[in-house]
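Please look over the sequence and the model before reading on.

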Amino acid sequence: MEQLILTVILTSVPLIFAASGELIAERSGVLNLGVEGMMLMGAVFAFAVAMGTGSPVLGMFAGAFAGAITAGIFAFFALGLATNQVATGLALTIFGTGLSGLIGAPLVGQAIDGLPQINIPLLAEIPFFGIVMFQHDIMFYIAVIMVGLCAWVLNATRIGLIIRAVGDNHDSAHALGYSVLGVRLLAVIFGGMMAGLGGAYLPLVLTPHWAEGMTAGRGWIALALVVFASWRPWRVLGGAFVFGGITIMQLAGQARGWTIPSQFLSMLPYLATIIVLVLISRNREFALANSPACLGRIFHTEK
Amino acid sequence: MISLVPRKDISLALTVMTPVIAITLTLVVGAIIFATLGYDPLQALYQFFVAPVSRPDQVANLFVKACPLIIIASGLVFCYRANVWNIGAEGQLILGAVFSGYVALTFSDLPGWAMMPLMVFAGALGGLLWAMIPALLKTRFNTNEILVSLMLTYVAALFIDWIVRGPWRDPMSFGFPLTKMYEDAALISRIEFPGIGYLGQLHWGVVGALMLALGAWVVLARMLVGFQVKVMGFAPRAGRFAGCSPAFVTVMVLGISGAAAGVAGMVEVSANIGQLQPDISFGYGFTAIIVAFLARLNPLAVIGAGLVVALAELGGDSAQIALGMPKVVTGVFKGILLFMLLAGETFNRFHVEIRLPRSAKAKQTGG
């Protein structure tokens with residue numbers, strides 16, 4: 001049982017990273033559909049650096065950095081040149097998938113040492129709860145801390161207030177003297193860094209290899225998670241565990257020899273995403289209560 | 001300070017030049033990336049964009065490669081004009097292939113004249129029905145069509161994988177995940193030119209694709225439906241006052257693009273593969289998005305744009321063979337191209353004004 005829950009948590013970590021980063025970007029009013037591309041860039045750089053230096057921790061930083069740089073490309077176009085955010089995000093995913101494959105081509109078939117498990121002293125000794133919560137790799141702890149940090153910054157600090165103001169009404173925020181594009185740039189870069197970390201988690205912990213397109217749609221599921229979480233950070237955590245659970249259910253089902261063809265089990269995470277999206281969005285008030293009013297809208301000063 | 005100032009009037013020359021400039025810039029950026037990764041940039045570009053079209057039959061094959069892209073993009077144009085973001089054409093293509101495959105495999109003794117129209121219809125229906133899922137969820141529950149249509153692509157890919165490994169697998173396929181070969185009546189034949197014979201793999205589906213693009217242009221430019229689509233994209237509020245229903249337009253454009261993608265799937269299988277297998281598309285549904293943008297959402301321009309992007313696809317194969325590059329490198333080009341096109345759109349609508357700080361300006365005029 002503990003083992004099963006541990007696997008669920010492992011599977012959900014990349015989603016926690018990517019979704020909470022995207023959540024901040026969306027709260028500032030930017031819809032970046034390039035999460036999948038940023039995750040892949042994070043994954044390939046994390047793997048390459050971890051292999052080259054022998055240090056998975058350095059790999060983790062490289063992943064975060066690569067994600068942030070990739071997000072910078074998005075920011076240059078979508079913010080600097082005011083291009084359509086939906087199309088720019090798609091371009092970023094196509095570009096990131098291609099470039100990560102190109103960079104990673106010589107790395108296919110290599111293996112690295114993953115991040116070591118860190119047991120928190122004393123707490124890890126607690127039966128069941130300790131095993132589930134306090135016997136993880138460093139990135140899991142960082143992920144949970146980051147979600148807390150996002151929630152705190154967003155709801156309890158001045159910075160959070162500015163981010164929300166820019167996301168809800170960019171004209172007013174501009175009139176108050178805040179730099180709309182500056183705030184959005186930082187939010188997008190932060191989102192990229194988090195997506196990069198989420199991507200880095202795949203080769204550093206889940207499977208110690210690099211494979212083309214190894215994120216397998218996780219970036220898109222992260223985008224759905226933001227809607228699922230109705231733009232509240234803590235709900236990302238719950239949502240990610242749900243999706244992690246569904247992904248694991250398919251593996252568990254295969255292992256137990258369920259008679260359902262494996263393809264149908266593999267459909268589960270995607271179908272669940274759709275169902276969850278419907279359930280959330282059918283209740284308009286709930287869905288839109290925290291959704292940034294200026295999400296995806298282009299800002300330029302001459303109005 | 002650098003700022004974007006809207007242009008008063010948009011010049012035609014600029015509109016035409018934007019894609020050309022975008023392509024040129026893409027080549028430059030591509031060359032830089034190749035050089036950084038240690039490939040000879042000129043050699044790489046040659047393998048990419050010249051080597052694949054150096055013989056007449058290769059040019060014909062370029063049209064074959066562009067065929068599904070043109071068909072899908074002709075439909076997507078409607079969606080994107082109406083600001084409806086269908087990015088699941090890949091899944092709709094697969095369903096089109098499955099539906100038309102059902103006709104081909106079940107009614108295998110139908111004569112050609114009945115088989116072809118029925119298969120086209122089935123293909124369109126399959127794509128249309130698959131696209132109705134995001135359409136109805138969008139209009140009924142306000143669910144985001146981007147995410148739903150994309151998730152359905154993964155579902156469709158798994159579905160065809162199951163069908164060719166499970167219920168529809170040919171018992172004589174030695175365990176390979178393949179259905180029976182289609183009968184001749186269900187295959188799209190190659191075009192035989194009098195005196196020359198066959199030209200590459202050029203087939204009648206290509207002619208159909210060109211006609212479809214033309215038809216899409218007529219509908220969009222000359223018919224009420226096309227007008228409604230454009231109004232909903234430009235000014236949804238004005239559209240509502242004029243009596244257009246946003247829900248109707250959403251369902252319609254998703255239906256059109258889904259049906260087009262489904263037909264593309266039918267053509268791809270019937271002309272090039274001849275049976276169903278797990279992989280029937282090389283991401284055409286996604287690539288067509290770039291084609292639609294390169295064409296600036298104009299169905300006639302989709303033909304040219306389809307050929308350009310198909311060249312990049314064939315170039316990817318050629319670079320893979322000649323230089324040992326991974327196939328995904330095409331994605332790099334496609335991504336950059338889309339970036340450049342979007343940036344071009346901005347420069348079309350705005351001009352960049354660089355305002356110097358006051359002191360610097362004073363110095364300039366003073367000196």
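**Helix packing in chain A**

α1(A) passes α6(A) in a left-handed crossing, a term used if the near helix is turned anticlockwise from the far one by less than a right angle, with clockwise counting as right-handed. This is a predicted model, in which local features need pLDDT of at least 70 and side-chain atom pairs count only at pLDDT 80 or more, while totals for chains, interfaces and linings use all residues. Residues are numbered from 1 along each chain as its sequence is written, and chains are lettered from A and ligands numbered from 1 in the order in which they are written.

- Helix α1 (residues 2–27) and helix α6 (residues 138–156) of chain A pack at an angle of about 25 degrees, and their axes are 10 Å apart.
- Axes here are lines fitted to C-alpha atoms, for helices over the stretch in contact, with angles from 0 to 180 degrees between N-to-C directions.
- The angle makes α1(A) roughly parallel to α6(A) (under 35 degrees; over 145 is roughly antiparallel, 65 to 115 roughly perpendicular, the rest oblique).
- Residues of α1(A), among them Ile9(A), Phe17(A), Leu23(A) and Arg27(A), meet residues of α6(A) including Met139(A), Phe140(A), Val147(A) and Leu154(A); contact requires C-beta atoms, placed from the backbone, within 7 Å.
- By class, this contact of α1(A) with α6(A) has 13 nonpolar, one polar and one charged residues. Nonpolar covers Ala, Val, Leu, Ile, Met, Phe, Trp, Tyr, Cys and Pro, charged covers Asp, Glu, Lys and Arg, and the others, Gly among them, are polar.

**Interface of chains A and B**

- 42 residues of chain B contact 42 residues of chain A.
- On chain B, β1 (2–6), α5 (112–141), α6 (145–165), α11 (284–294) and α13 (329–349) each supply at least two residues of the side that touches chain A.
- The largest share of that side, 13 residues, comes from α13(B).
- The side of chain B that touches chain A has 30 nonpolar, nine polar and three charged residues.

**Chain make-up and dimensions**

- Chain A has 13 helices and two strands, and chain B has 14 helices and four strands. Helices (H or I, at least four residues) and strands (E, at least two) are DSSP runs, numbered from the N terminus.
- The C-alpha atoms of chain A fill a box of roughly 60 × 45 × 45 Å along the principal axes.
- The C-alpha trace of chain B spans about 90 × 55 × 40 Å along its principal axes.
- Just after α12(B), Gly324(B) takes a positive phi of about 70 degrees.

Technical notes. Two residues are in contact if their C-beta atoms, placed from the backbone, lie within 7 Å.
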